[in-house]
Amino acid sequence: MNYKCGYIAILGKPNAGKSTLVNCMVGEKVAIVSSKPQTTRNNILGILTKSNYQLIFVDTPGIHKSKNALDKFMMKNVRSAIGGASVNIYLIDSTKEITGEEIDYVKNLKQKNEVPLIVCLSKTDLVKKQELLIKLSQIANINEVDEVVPISSYKAYNTNELLEIILKYLPNEKEKNFIYDNDYYTDKSINFIVAETIREKALLCLEQEIPHGINVNIVSFIEKPNITVIEADIVCERESHKSIIIGKRGKKLKEIGEKARIDIEKLLDKKVLLKLFVKTKKNWRDSENYLKEFGYKKENL
Ligand SMILES: Nc1nc2c(ncn2[C@@H]2O[C@H](COP(=O)(O)OP(=O)(O)OP(=O)(O)O)[C@@H](O)[C@H]2O)c(=O)[nH]1
Ligand SMILES: [Mg+2]
């Protein structure tokens with residue numbers, strides 16, 4: 001029997017649909033998703049293991065210009081994912097115009113990294129066929145691109161085809177050298193996933209810059225026989241943000257907590273008591289020290 005195993009970096013601009021694709025390929029929610037750009041901050045592995053292959057998808061932060069220390073950390077992670085992958089997948093949102101800058105990025109990606117490059121046009125359920133065909137031919141004209149695949153993670157359109165294409169590009173191995181055990185579908189801890197779930201609900205319930213300046217720290221996680229009690233801090237950048245996050249008579253914070261609790265209960269398959277507190281750490285996104293304290297460590301593959 002032949003085996004295949006490798007890292008597949010999922011790259012692209014913020015909001016292109018990277019995390020949604022990784023969740024869809026793995027069949028588990030490993031990464032949070034939101035309609036707001038710059039949702040993902042870490043490299044998050046989504047692992048799909050079958051009898052003869054293990055695909056390790058690396059969800060990455062959306063590629064953007066760095067404005068603060070957190071952005072720099074995010075872009076370092078993107079570079080590390082590119083450097084460690086056996087296949088690169090670059091996602092382009094098919095509802096958006098493809099800019100010359102993006103085409104140059106794609107060309108450069110392949111010129112600097114020898115590994116196969118697949119470009120996916122995402123969210124095809126939102127565009128007309130004619131429009132999609134124009135964009136497909138635009139990408140197909142780029143010599144550096146090995147494959148172009150239109151996909152919709154929502155409709156699971158072409159996701160099996162994408163899987164086959166990835167497998168085609170991974171080398172055959174005689175030995176089964178899988179990196180993760182069969183039952184692992186991510187590299188992240190329960191604490192990380194719980195904190196991310198709370199941040200996802202903050203992204204959903206809050207507007208403009210406020211959710212982008214939020215970090216969630218799990219303070220305690222206590223498993224009792226019938227209930228898990230979790231205390232978490234929502235850290236924001238300014239005092240003025242704190243009162244918005246709490247809301248009138250605590251209504252906003254309650255809404256975030258309720259939504260997060262429902263998802264965490266499903267994740268843990270247990271009743272959860274979630275206690276949220278809001279704290280301010282002035283301009284934490286600009287501080288290397290706060291980033292370290294909050295656990296933002298460079299993630300090498
Ligand atoms: N209609 C439709 N919407 C999608 C699809 N895939 C993703 N989306 C939506 O697009 C938005 C962004 O999705 P994400 O998966 O968070 O995008 P991302 O590329 O991970 O974004 P960052 O983490 O910010 O870089 C969300 O509102 C998703 O629900 C799709 O196939 N169809
Ligand atoms: Mg994401």
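## A walk through a predicted model

Gln208 sits in the loop between helix H6 (190-205) and strand S7 (215-223). Helices here are DSSP runs of H or I with at least four residues, strands are runs of E with at least two, and both are numbered from the N terminus. This is a predicted model, where local features need pLDDT of at least 70 and side-chain atom pairs count only at pLDDT 80 or more, while totals for chains, interfaces and linings use all residues. Residues are numbered from 1 along each chain as its sequence is written, and side-chain values use heavy atoms, with hydrogens and water left out.

What is the phi of Gln208? It is positive, about 50°, although Gln208 is not a glycine. Most residues other than glycine have a negative phi. Asn15 also has a positive phi, near 75°, and is found in the loop between strand S1 (4-12) and H1.

Now for the magnesium ion (ligand 2). Its protein donors are Ser19 (OG) and Thr40 (OG1), lying 2.0 to 2.1 Å from it. Donors are N, O and S atoms within 2.8 Å of the metal (3.2 Å for Na, K and Ca); water is not among the atoms, so sites may look incomplete. Ser19 belongs to helix H1 (residues 18-26) and Thr40 to the loop between H1 and strand S2 (44-50), so the two tie together parts that are 21 residues apart in sequence.

How open are these residues? Buried means under 20% relative accessible area, exposed over 50%, and partly exposed in between (1.4 Å probe, protein chains only).

| Residue | Relative accessibility | Class |
|---|---|---|
| Ser19 | 8% | buried |
| Thr40 | 7% | buried |
| Asn15 | 26% | partly exposed |
| Gln208 | 68% | exposed |
| Cys5 | 10% | buried |
| Cys24 | 26% | partly exposed |

On to the cysteines: a search of the whole structure finds zero disulfides, a disulfide being a pair of cysteine sulfur atoms within 2.5 Å. For Cys24, the nearest cysteine sulfur is that of Cys120, 11 Å away.

Finally, a pair of helices. H7 (residues 239-246) and H8 (residues 251-268) pack at about 65°, with axes 4 Å apart. The axes are lines fitted to C-alpha atoms, for helices over the stretch in contact, and angles run from 0 to 180 degrees between N-to-C directions. That makes H7 roughly perpendicular to H8, a label for angles of 65 to 115 degrees. Which residues of H7 meet H8? Ile244, Ile245 and Ile246 do, against Lys251, Lys252, Leu253 and Ile256 in H8 (contact means heavy atoms within 4.5 Å).

Conventions
Chains are lettered from A and ligands numbered from 1 in the order in which they are written. Angles under 35 degrees count as roughly parallel, over 145 as roughly antiparallel, 65 to 115 as roughly perpendicular and the rest as oblique.
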